[in-house]
Amino acid sequence: MPVDIEAPRLTRRAGRHTVAVYAFDGVSPFELSCVVEVFGLPRPELGVPWYDLRVCAESTAPLRAVGGFTLVTERGMDDFVAADTVIVPAVADVRGEISPGLIRALRAAHERGARVVSICSGVFALAAAGLLDGREATTHWRYAKLLAERFPSVQVNPDVLYVDGGRVLTSAGSAAGLDLCLHLVRLDHGSTIANAVARRLVLPPHREGGQAQFIEAAVRPIGEDDAVARSLDWALAHLAEPIAIADLAAVARMSTRSYLRHFTRATGTTPLRWLISQRIAAARPLLESTDAQVEQVGAAVGFADAATFRHHFTRSVGTSPSAYRRTFRKVSEPSS
């Protein structure tokens, strides 16, 4: 996913970092709950100041949610504008007009330095507010063409799970909102904390690949790819060693040709790309939490040499291992 980690990050003001999420009549509870689950659930076991979540709306009247129930929030748009991070989980109608009150609030929040985030169709609100003019952004693959038509100044990328543009971030469809929320935690607290939250959610800390792999994908019978899963577990336990496709196929007890077919069907990618992504994921916390040289980190996660490690890390993350360390060691270090 495109990531601009060199962009200046928000400086937390006195107290906890505040996150405000916009609720509206007709809201889907899933996108809203993604934000609530990541930022609203107390996590004292992590040992870091957690977020102060505020669910905000333009009215104190009951809001109808998809599924036939209502919700009420006591927080208004003044609280939304005042937050450190503001999130629009969706809009009621991707073809309709965006609420003028929401547009004003987004512009005001952005002007005062807030980090502005959208999930799924929420990108239409950010675009209507002019916050995406000349910027790259993403949304659910079903809405990508419409977003480009309605807002031609936005550089729509329909192939990624999220886009980090520094202070303005957008994500693809509903579940990709969790990917982006975990990314925000990683930016604020480092990979170790983000990985702990991901484990609580029973999610991978970082999903490689784009949303194209999820478009009209056939549902496979449970258990069909148990052999592939077994080979993945084995690979994760042996990342520091050279691993060939033949080795994975042998663990899965398949021919190489059959293994490649089953692997692609199960993961949406190739064994080589999967291995690279797992090695990069394993390198992140080492860069953040140890003083090992870049060459040593690359070797510890299975890259043949430092040049190969730097190449793949930079291509995947968007910055060099050394630059990543300088940026993320700051948020990984305990505050005094």
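Tutor: Let's start with Arg253, which lies in the loop between helix H9 (245–252) and helix H10 (256–267). Helices (H or I, at least four residues) and strands (E, at least two) are DSSP runs, numbered from the N terminus. One caution: this is a predicted model, where local features need pLDDT of at least 70 and side-chain atom pairs count only at pLDDT 80 or more, while totals for chains, interfaces and linings use all residues. Residues are numbered from 1 along each chain as its sequence is written, and side-chain values use heavy atoms, with hydrogens and water left out.

Student: OK. Is Arg253 buried or exposed?
Tutor: Arg253 counts as exposed, because its relative accessibility is 74%. The cut-offs are under 20% relative accessible area for buried, over 50% for exposed, and partly exposed in between (1.4 Å probe, protein chains only).

Student: What about the phi of Arg253?
Tutor: That phi is near 60°, a positive value in a residue that isn't glycine.

Student: Where is Cys120 found?
Tutor: Cys120 is in the loop between S6 and H4. Cys120 too has a positive phi, about 55°, although it is not a glycine.

Student: How many disulfides are there?
Tutor: The count comes to zero, where a disulfide is a pair of cysteine sulfur atoms within 2.5 Å. As for accessibility, Cys56 is buried at a relative accessible area of 0%, and Cys120 counts as buried at 7%.

Student: Let's zoom out. How many helices and strands does the protein chain have?
Tutor: It has 14 helices and ten strands. Of its 336 residues, 49% count as buried.

Student: What order do the strands of the open sheet have?
Tutor: The six strands run S2-S1-S5-S6-S10-S9, with mixed pairing. Two strands pair if DSSP finds at least two bridges between them.

Student: Which strands stand at the edges?
Tutor: S2 (52–56) and S9 (162–164) do, and each has a single partner strand, so one side of each is left without a neighbour in the sheet. Neighbouring strands of this sheet are turned by 15° against each other on average, direction ignored. Those angles use axes that are lines fitted to C-alpha atoms, for helices over the stretch in contact; angles run from 0 to 180 degrees between N-to-C directions.

Student: How many bridges join S1 to S2?
Tutor: Five, and the two strands run parallel. Val19 stands opposite Leu53 in S2 and opposite Thr85 in S5.

Student: Which residues are on the covered face of S2?
Tutor: Asp52, Arg54 and Cys56 are, while Leu53 and Val55 make up the uncovered face. In a regular strand, side chains alternate between the two faces of the sheet.

Student: And which strands does helix H3 lie across?
Tutor: H3 (residues 100–111) lies across S1, S5, S6 (115–118) and S10 (168–171), at about 150° to S5. Helix H6 (residues 176–189) packs on the sheet too, touching S6, S9 and S10, and its direction makes about 145° with that of S10.

Student: Which residues of H3 are buried?
Tutor: Gly101, Leu102, Ile103, Ala105, Leu106, Ala109 and His110. Their cover includes S1, helix H2 (77–82), S5, S6, helix H4 (123–128) and S10. After H3 comes Gly113, with a positive phi near 105°.

Student: What is Leu102 in contact with?
Tutor: Leaving aside its neighbours within four places in sequence, Leu102 is in contact with Tyr22, Glu58, Met77, Phe80, Val88 and Ala125. Contact means heavy atoms within 4.5 Å.

Student: How many residues does the largest nonpolar core have?
Tutor: It has 73, and Leu102, Leu106 and Phe80 are among those with the most contacts inside it. H6 gives the largest share, eight residues. A second, separate core of 13 residues includes Val228, Leu239, Ala249 and Ala252. A nonpolar core here is a set of buried Ala, Val, Leu, Ile, Met, Phe, Trp, Tyr and Cys residues joined through side-chain atoms within 4.5 Å.
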